[in-house]
Amino acid sequence: MTLNQLRAFLLTVRTGSFTAAAAELKMAQASVSELIRRMEEEAGLALFIRGGRRLVLTSAGAELLPFAEQAVSSVDEGRAALRSIGSLDGGAVTFGLLRNASYYLLPDLAQQFHEAFPNVRLRLVGQNSSEVAAAVSKGELEAGLVVLPVEDAGLRVTPLIRDEVFYASADPERLAAPMTIHRMAEADLVMYDARYGWSDPTRRQIAERAQLEGLRIEPIIEVEHVEAALALVARGVGDTIISRAVADSPFCPPEVGTVSFAEPLYDTIAFIQRTSSVLSPGARELARRARSTLLAGITDPAQRVYPATGGTARRRPGVS
């Protein structure tokens, strides 16, 4: 089988017709049909069921499909690897960031990269870590930074730092002792990342702990952004969870204090890329800068990798 045959096969699968595949390949429809016919002749098996409005894979075609995808992807990535040997004089970088990246990476990361490499187009996609991992796995993003755990099939995962996650409340009585999963299950909770719900990595950890105790965590309110959750917490509507980086930021209302969990909870931030991928020069440089920023930050007590133990309640400056 040739690379042209495999490309024609994959495009026919995706478009459902020889005509549409031929248009994408800028070939005659008869040429695409002939490429597929030769594949079928060589295998002695039909790859498509013909006759309907849309071509449908036979069982033989379905069996071939993942191998064709792997072969074409390997060739394309090999070509990308050759193109990556060069300077950062152009091209584009697509990079995924965890939702609260601004609390860790500093907003001027993109500005610094652009000033250093003005001819490289930069696309930073900020979303929930579960979606970043899925996009990197599919090849929609070159690489990214995520909070673990995520679905890591086909990904190379490099943990970088961890940041403690606290229970946050405006009521000092709820911060008098380390938070337990039993007390949390009974509390009025305001949770963020409403779109992703319990697929969010931090919330997954909470849900797993509750499940082990035979409990369920049910928020009374779910919002999209941590800032909105904190505003409601500051008004006494309910409590939430936040990482140390968020707790120590200027965006955390002064009325909100935090306490550790009895069994400390952490967000582990990791760099991910596809196992078989070769990063473009721009993506490699952006990843290097992002990792350096994160790793440099662990010398700051506000983002220590190994947080102090003890479960002491932490109040915002000026809050009794």
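In which strand is the place of E164? The legends below begin with that residue.

**View 1. E164 in its strand.** E164 has its place in strand β6, which spans residues 155-169; strands (E, at least two residues) and helices (H or I, at least four residues) are DSSP runs, numbered from the N terminus. The model is a predicted one, in which local features need pLDDT of at least 70 and side-chain atom pairs count only at pLDDT 80 or more, while totals for chains, interfaces and linings use all residues. Residues are numbered from 1 along each chain as its sequence is written, and side-chain values use heavy atoms, with hydrogens and water left out. With a relative accessibility of 2%, E164 counts as buried, where buried means under 20% relative accessible area, exposed over 50% and partly exposed in between (1.4 Å probe, protein chains only). The side chain of E164 makes a polar contact of 3.0 Å with the side chain of S260; a polar contact is a pair of N or O atoms within 3.5 Å, of which, within protein, one must be able to donate a hydrogen and the other to accept it, and residues adjacent in sequence count only if both atoms are side-chain atoms.

**View 2. Y167 and the nonpolar cores.** The largest nonpolar core has 57 residues, and those that touch the most other members are F95, L105, L145, Y167, M184 and I242; such a core is a set of buried Ala, Val, Leu, Ile, Met, Phe, Trp, Tyr and Cys residues joined through side-chain atoms within 4.5 Å. Apart from this core lies another, of 20 residues, among them L10, L35, L64 and V72. When residues up to four places away in sequence are not counted, Y167 touches a set of residues including L175, M179, M184, I241 and F261, a contact being heavy atoms within 4.5 Å.

View 3. Helix α1 (residues 3-15) packs with helix α2 (residues 18-25) at an angle of about 125°, their axes lying 8 Å apart, which makes α1 oblique to α2. Axes are lines fitted to C-alpha atoms, for helices over the stretch in contact, and angles run from 0 to 180 degrees between N-to-C directions; those under 35 degrees count as roughly parallel, over 145 as roughly antiparallel, 65 to 115 as roughly perpendicular and the rest as oblique. Where these two helices meet, A8, L11, T12, R14 and T15 belong to α1, and F18, A20, A21, E24 and L25 to α2. Between α2 and helix α3 (residues 29-43) the angle is about 110°, with axes 8 Å apart, and α2 and α3 are therefore roughly perpendicular to each other. Here F18, T19, A21, A22 and L25 of α2 meet Q29, V32, S33 and I36 of α3.

View 4. E218 lies in the loop between α9 (201-212) and β8 (221-222) and, at 48% relative accessibility, counts as partly exposed. A polar contact of 3.1 Å joins the side chain of E218 to that of R216. L279, in the loop between β11 (265-274) and α12 (281-297), is buried, with a relative accessible area of 8%. From C-alpha to C-alpha, L279 and E142 are 6.6 Å apart in space, although 137 residues apart in sequence.

**View 5. S129 in helix α7.** S129 lies in helix α7 (residues 129-138) and counts as buried, at 4% relative accessibility. Leaving aside neighbours within four places in sequence, S129 is in contact with L98, V146, V147, V150 and P201.
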